[in-house]
Amino acid sequence: MVDQQAAHGRADADALVFFGASGDLARKMIFPALYGMVAHEELTVPVIGVAYSQWALEDLRTRARESVAAAVPDHDPEVLDTLLGLLRYVDGDYRDAATFESLKAAVGDAQRPVHYLAIPPTMFGTVIEGLAHVGLHKHARVVVEKPFGRDLASARELDAVIRRAFPEESVFRIDHFLGKDEIMNLLYFRFANSFLEPVWNRDHIASVQITIAEDFGVQGRGAFYDTAGALRDVLENHMLQIVALLAMEPPAYQGYGAVHEAKANVFRAIRALTRNDIVRGQFAGYRDEPGVARGSDVETYAAVRLFIDSWRWAGVPWYLRTGKHLPVTAHEVVVEFKKPPQALFDDAMMAQRPNHLRFRLQPDGEIALGARVKTPGEEFVGEQRELVVSTGGAGSRHPYERLLADALDGDRALFTAEETVEAAWRVVDGVLADHAPAIRYTPGTWGPTEADTLIGADGPWHDPVLKTTTDDAARA
Ligand code: BG6
């Protein structure tokens, strides 16, 4: 989907600078992504890591080697060597002007660097000022990691800081979910087909559920997590992006500018959440995690009910839930259709809701249509089955690989526009501060039972089932 307007004026970057080179994100995500980019011949420019760790270039190379070995066990040693050969390193305090003088020397002749800030947002201002001070913001792009602020007000402040040095078209806000194939497929599946549109509205859809479940905890990120919580970490960004792709109107023209606009319109139409629309939970033991405050009320689980006040979605409830230490790691959307208008078959009317469309986004991409089919025999009785298509397969790329390559190319299609960021914060802003205390839940369960009360008669929640067989009847 090429946006001619957006494509205009693009120029490939000639250096990639990344701040936070010794950090967790770099180790887990960025080095494997850089490796993939080299393997796909998308990275040939110098990569300059910056950190304040009293490291030398050799330490950075060691970290890169370990990180790639862990993430890509069958990696090609030649590709890895090429990546190691592209690396440069600058060590220093981001508050010290000398760090940026050294960086300028390391950037050398490059004219169009991309600066990737894989660092806490509290440091963004300092780094951006440092870059501007030595002129490294000129003809450059900046890539920033979510969360973009902590609420609507701080998101605006953050944007003002960034915009002091970079115009909007040079700012690339990463939400890595947008680089995932299964998420991109929501857009494709909806608008590359014609059968969906006539039923994709309040006349036919009873409710929508989205679950992002993780069976692990905060994985040593307690200090960060305790400043964020599930609402800021996952719901406000990743989940609302999924809502937008499912709920948006057809883009007005071929091009990502139209997609951005259609998504922003969804956020504008979502009714701001109030304390009655949310259940917050915290897994037992969270307060003992390193970096977490002993009396912390930060939620590791959130379930919300939201409404989109638009012509298409008026009255359709959307239920979103996400949490750590749930029974499985799975991301899934279930769109439930209304019941048939007449009771021709008793058993079909007794069924909860006979039809649904299920999008399994993770771990394996899947689209399933739930429907009732007659069981063999004289009686008109049936069961609910699923027609399943698997959407995953070879060719899938790591989202960071895709997104960083796009940033180097100057392609903003899969990045988030500031107006969308602000519109998304507006949805959750009220409940960030005004909410009931987090309810304790046992790790390995589906969170507080209060979430069942929230969904009420629109339930039950569909807990993703990780199948070991293709027995789709099991989930009926
Ligand atoms: C990140 C959150 O943005 O997304 C994490 O900070 C979460 O807490 C992660 O685990 C989920 O993304 P993925 O791609 O690893 O499923």
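What do the side chains of D24 and R27 meet in, and how far is it from N to O?

Analyst: The side chains of D24 and R27 meet in a salt bridge, with 2.6 Å from N to O; the term stands for a side-chain nitrogen of Lys or Arg within 4 Å of a carboxyl oxygen of Asp or Glu. This is a predicted model, in which local features need pLDDT of at least 70 and side-chain atom pairs pLDDT 80 or more, while totals for chains, interfaces and linings use all residues. Residues are numbered from 1 along each chain, and side-chain values use heavy atoms, without hydrogens and water.

Both partners of this pair belong to helix α2, which covers residues 24-39, and they stand three residues apart, or about one turn of the helix. (Helices are DSSP runs of H or I with at least four residues, strands runs of E with at least two, numbered from the N terminus.) As for the surface, D24 is partly exposed at a relative accessible area of 31%, and R27, at 36%, counts as partly exposed too; the term covers what lies between buried, under 20%, and exposed, over 50%, with a 1.4 Å probe and protein chains only.

A search of the whole structure finds 36 salt bridges, and a second one to look at joins the side chains of E58 and R61, where the N to O distance is 3.3 Å. E58 is partly exposed, its relative accessibility being 44%.

The pair of D434 and R275 has another setting: their closest N and O atoms are 2.7 Å apart in a salt bridge. D434 lies in the loop between α14 (418-433) and β15 (439-441), whereas R275 lies in the loop between α11 (256-269) and β8 (278-283), so this pair ties together parts that are 159 residues apart in sequence. D434 is partly exposed, with 37% relative accessibility, and R275 counts as partly exposed at 40%.

Beyond such pairs, there is also a network, in which salt bridges that share partners join D159, R163, E168, R173, R412 and E418.
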